[in-house]
Amino acid sequence: MTRLAPFLFVVLWASGFVGAQAGMPYAEPGTFLSLRFALAFGVLAALSWLMRAAPLSRQQVLSSVLVGMLVHGIYLTGVFWAVRHGMPPAVAAVVVGLQPLLTALLAAWFLKEPMTVRHGFGFVLGFGGVVLVLAPKLDVTGSGINTATVTVVLISCLAIACGTVLQRAAGAKTDLRSGMAAQYLGGLLPPAILMLFETRVVIWSGELVFAFVWLVFVLSIFAVMLLMWLINRGSVMQVGALFFMVPGVAAAMSWLIYGDALNAVQVLGMAMTAVAIWLVQRTV
């Protein structure tokens with residue numbers, strides 16, 4: 001399980017892009033994410049009670065709420081808002097592709113994780129691979145790329161990096177079930193604030209229901225629990241590098257499910273991200 005966990009996480013996390021693509025046309029970002037996080041909180045709170053999860057101390061509640069606000073709330077709300085306001089999804093993904101490098105730098109600074117030249121080369125190679133994977137969809141000519149959208153996505157990128165480091169520093173002894181329930185309480189705040197400025201109209205459809213079921217149970221619960229488990233067990237730098245593979249796996253899923261084109265440049269980018277992760281994961 002320990003060996004398979006990183007690969008399973010990447011596949012599940014990448015599936016979130018497919019789920020979001022299915023559900024986002026039917027609700028605005030704040031409304032969509034508020035419903036998703038509220039459902040995830042309800043399910044996790046019920047599971048915590050039924051499974052008699054360990055209660056949280058005041059410090060654990062505070063740290064879990066803050067992790068959730070950073071990793072779930074600010075990160076996803078910012079990216080979804082930027083895309084809704086015209087930033088091409090591929091451009092947003094390239095900016096977010098800086099997240100593993102930011103996470104590594106923060107881990108080296110605050111957690112004193114060693115960062116070697118090999119690691120640095122791996123992170124640069126990984127970011128280059130992400131750019132190649134997304135290259136066919138990059139379009140920087142639209143009006144949606146402006147100071148506001150770029151700033152919001154950069155803040156989102158920094159938020160998930162900070163949240164990852166905070167989870168490693170403060171979450172190792174927290175029961176994942178009750179801790180993640182508290183995370184989604186924190187995650188609810190940013191989209192709930194954004195929702196106040198939206199119409200809050202939801203167009204219910206089979207696609208939207210499927211998106212919620214997939215994103216809540218598979219992504220928000222199982223994939224995020226797997227992410228937190230990986231963070232608590234190992235190097236934040238190594239876990240962060242896994243995100244380099246996400247755009248490539250998401251592109252492969254879109255090719256299989258929606259028939260989107262997948263060319264040689266993208267395949268090269270996937271290979272580069274795989275090599276990058278190998279470089280960062282090596283222990284000798």
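Visitor: What makes a space in this structure a cavity?

Guide: On a 1 Å grid over the protein atoms alone, a cavity is a set of points where a 1.4 Å probe fits but cannot get out. Grid points are joined across faces, edges and corners, and the volume is the space filled by probe spheres set on the points. Two cavities of 30 Å³ or more are present in the structure. The model is a predicted one, in which local features need pLDDT of at least 70 and side-chain atom pairs count only at pLDDT 80 or more, while totals for chains, interfaces and linings use all residues. Residues are numbered from 1 along each chain as its sequence is written, and side-chain values use heavy atoms, with hydrogens and water left out.

Visitor: How do you know which residues line the largest cavity?

Guide: A lining residue has an atom within 4 Å of a point. For the largest cavity, of about 40 Å³, the lining includes Ser-64, Gln-167, Asp-175 and Gln-183. Helix 8 (residues 176-195) gives the largest share, four residues; helices are DSSP runs of H or I with at least four residues, numbered from the N terminus.

Visitor: What classes of residue make up the lining of the largest cavity?

Guide: Two are nonpolar, six polar and one charged. Ala, Val, Leu, Ile, Met, Phe, Trp, Tyr, Cys and Pro count as nonpolar, Asp, Glu, Lys and Arg as charged, and the others, Gly among them, as polar.

Visitor: What lines the second largest cavity?

Guide: Its lining is Ser-63, Ser-64, Val-67, Leu-166, Gln-167, Ala-170, Gly-171 and Thr-174. Helix 3 (58-84) and helix 7 (147-170) are the elements that give two or more residues to this lining. The second largest cavity holds about 30 Å³ of space, and its lining has three nonpolar, five polar and no charged residues.

Visitor: Why is Phe-243 called buried?

Guide: Buried means under 20% relative accessible area, exposed over 50%, and partly exposed in between (1.4 Å probe, protein chains only). Phe-243 has 10% relative accessibility, so Phe-243 counts as buried. Phe-243 lies in the loop between helix 10 (236-241) and helix 11 (246-258). Leaving aside neighbours within four places in sequence, its contacts (heavy atoms within 4.5 Å) include Phe-9, Trp-13 and Leu-227.

Visitor: Why is the pair of Phe-9 and Trp-13 called tilted?

Guide: Rings of Phe, Tyr and Trp (its six-membered ring) pair if their centres lie within 6.5 Å; planes under 30 degrees apart count as stacked, over 60 as edge-to-face and the rest as tilted. The centres of Phe-9 and Trp-13 are 5.4 Å apart and the planes stand at 45°, so the pair is tilted. Both residues lie in helix 1 (residues 5-23), four residues apart, about one turn of the helix. Phe-9 has a relative accessible area of 0%, so Phe-9 is buried.

Visitor: Is Trp-204 buried or exposed?

Guide: Trp-204 has 56% relative accessibility, so Trp-204 counts as exposed. Phe-212 is at 5% and therefore buried. Ring pairs link Phe-32, Phe-80, Trp-204 and Phe-212 into a cluster.

Visitor: What makes a set of residues a nonpolar core?

Guide: The set consists of buried Ala, Val, Leu, Ile, Met, Phe, Trp, Tyr and Cys residues joined through side-chain atoms within 4.5 Å. The largest such core has 71 residues, and Phe-9, Trp-13, Phe-32, Phe-80, Leu-227 and Met-228 touch the most other members. Helix 9 (residues 206-233) supplies the largest share of this core, 14 residues.

Methods:
On a 1 Å grid over the protein atoms alone, a cavity is a set of points where a 1.4 Å probe fits but cannot get out, and a pocket is an open set with protein on both sides within 12 Å along at least five of seven lines; lining residues have an atom within 4 Å of a point.
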